[in-house]
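This briefing is for reading beside the sequence and the predicted model.

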Amino acid sequence: MSTQPSKELDTFPNPNPQRDYTIRIDVPEFTCICPKTGQPDFAQFKIEYVADEKCVELKSLKLYMWSYREEGAFHEAVTNKILEDLATATAPRFMRLTGVWNVRGGIYTTVVVEHRQAGWIPAPKVDLA
């Protein structure tokens with residue numbers, strides 16, 4: 001098994017493709033480099049998705065996220081790139097990626113990006129009060 005950073009995202013077949021269900025993944029230790037200052041930037045990523053035929057394999061996701069450690073990237077650009085790569089690898093019905101960036105110069109940044117499969121309509125929300 002590889003223990004080096006990698007841009008490759010592996011997948012496995014969705015065990016229940018007949019059903020919409022939400023997969024939530026927290027990535028609490030993302031780092032990259034600020035392209036302006038060269039200082040490290042830290043973020044927590046929250047991935048939420050409704051799989052279609054494929055799910056992302058978690059070890060490959062860990063190595064993928066690690067691959068950004070030495071790269072310069074603006075918060076908005078890297079959040080959108082990660083969503084694009086995940087959506088390309090898994091072709092989900094729906095995916096939302098939230099990047100919660102640590103404070104830098106007294107400013108917090110949160111970037112939320114979404115992917116929606118053409119024609120997919122979510123089931124109505126059920127509120128059990």
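The model is predicted, so local features need pLDDT of at least 70 and side-chain atom pairs count only at pLDDT 80 or more, while totals for chains, interfaces and linings use all residues. Residues are numbered from 1 along each chain as its sequence is written, and side-chain values use heavy atoms, with hydrogens and water left out.

**Core**
- The largest nonpolar core has 28 residues, and Phe30, Phe45, Tyr49 and Ile82 touch the most other members.
- Such a core is a set of buried Ala, Val, Leu, Ile, Met, Phe, Trp, Tyr and Cys residues joined through side-chain atoms within 4.5 Å; buried means under 20% relative accessible area, exposed over 50% and partly exposed in between (1.4 Å probe, protein chains only).
- Beyond its neighbours within four places in sequence, Tyr49 is in contact (heavy atoms within 4.5 Å) with residues including Tyr21, Ile25, Val56 and Phe94.

- The contact between α1 and α2 is made by Leu61, Tyr64 and Met65 of α1 and Lys81, Ile82, Asp85 and Leu86 of α2.
- Helices are DSSP runs (H or I, at least four residues), and strands are runs of E (at least two), numbered from the N terminus.

**Single residues**
- Alanine 91 lies in the loop between α2 and β5 and has a positive phi of about 45 degrees although it is not a glycine.
- Most residues other than glycine have a negative phi.
- At 37% relative accessibility, alanine 91 counts as partly exposed.
- Aspartate 127 sits in the segment after β6 and, at 65% relative accessibility, counts as exposed.
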